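Good morning, colleagues. Please keep the display in view as I speak.

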Amino acid sequence: MTTMAAPIATRTLSLAACAAVLVAVVVSLAPAAAANEEGDALMALRHGLEDPDGVLASWEPNLVNPCTWFHVSCNDDDRIDRMEMSGNNLQGPIPPELGDLRNLISMDLYNNDISGHLPSTLGNLKSLRFLRIDHNRLTGPVPRELSGLPNLESVDFSSNDLCGTIPTSGPFENVPLSSFSNNPRLKQGPGAYDAHC
């Protein structure tokens, strides 16, 4: 009987070792998967924008960690927390995938030539504190989903072509009207949110 117990114990030990290795691999890949999701979001931005000055040239999809790319910075967990791409002549729309940057604290896209509507997925950025997208060519309404951002402290939507109603709820209660200036089709006042302008 002792000869049978040894192979069973060895197989059990081998299965436990394989399970431990598998768990270690999965745990080590979790940050890479998060980095890839964030990298995918940034690559959607890069592919959607014209970059005549080549400021996004360091955004290489083959690099696993986008924390090495210029114009972004990361927190201690290697998650993107800042995008600083102001004044770079970037042209085109903001893709909805930017809503996947869930650890983003600051988005600075001001003084470019960014156009199109603001994606409602920016409402997923629950850590966002600073949103500066002034002096672009953005159109459409300010997405109501942004009113649900609990940490939003400072915004600047000025000098675009936004329309509809200036949001006044949630973090927008204390935002000065100057943050919405030079948007001739954006109006102040009570009434229902106007998303169809």
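Setting aside neighbours within four places in sequence, S115 is in contact with G92, P93, I94, R137 and L138, where contact means heavy atoms within 4.5 Å. Please bear in mind that this is a predicted model, in which local features need pLDDT of at least 70, side-chain atom pairs count only at pLDDT 80 or more, and totals for chains, interfaces and linings use all residues. Residues are numbered from 1 along each chain as its sequence is written, and side-chain values use heavy atoms, with hydrogens and water left out.

S115 lies in strand β5, which covers residues 113-117. Helices (H or I, at least four residues) and strands (E, at least two) are DSSP runs, numbered from the N terminus. Is S115 buried or exposed? S115 counts as buried because its relative accessibility is 17%; buried means under 20% relative accessible area, exposed over 50%, and partly exposed in between, with a 1.4 Å probe and protein chains only.

Let me turn to the sheet. Strand β5 belongs to an open sheet of five strands with parallel pairing, in the order β3-β5-β7-β9-β10. Two strands pair if DSSP finds at least two bridges between them. At the edges are β3 (91-92) and β10 (185-187), each of which pairs on one side only. Three bridges connect β10 with strand β9, residues 161-165, in the parallel sense. In one of these pairings, T165 has K187 of β10 as its bridge partner.

Next, the disulfides. A disulfide is a covalent bond between the sulfur atoms of two cysteines; the criterion here is a pair of cysteine sulfur atoms within 2.5 Å. How many disulfides does the structure hold? There are two, and their pattern is 1-2, 3-4, with bonded cysteines counted along the chain.

C74 counts as partly exposed because its relative accessibility is 22%.

The other disulfide joins C163 to C197, at 1.8 Å from S to S. This pair links distant parts of the chain: C163 sits in strand β9 and C197 in the segment after β10, 34 residues apart. The link of C163 and C197 is right-handed, with 65° about the S-S bond. C163 is buried, at 2% relative accessibility, whereas C197 is partly exposed, at 41%.

I come now to the interior. In soluble globular proteins, nonpolar side chains tend to be buried together. A nonpolar core is here a set of buried Ala, Val, Leu, Ile, Met, Phe, Trp, Tyr and Cys residues joined through side-chain atoms within 4.5 Å. The largest such core has 40 residues, and M83 and F157 have the most contacts inside it. The elements giving two or more residues to this core are α1 (2-48) and β2 (80-84); α1 gives the most, with four residues. Beyond four places in sequence, M83 touches several residues, among them L42, L45, L98 and L101.

Finally, the chain as a whole. Of its 197 residues, 39% count as buried. Among contacts with a separation of 6 or more, 49% are between residues 24 or more positions apart.
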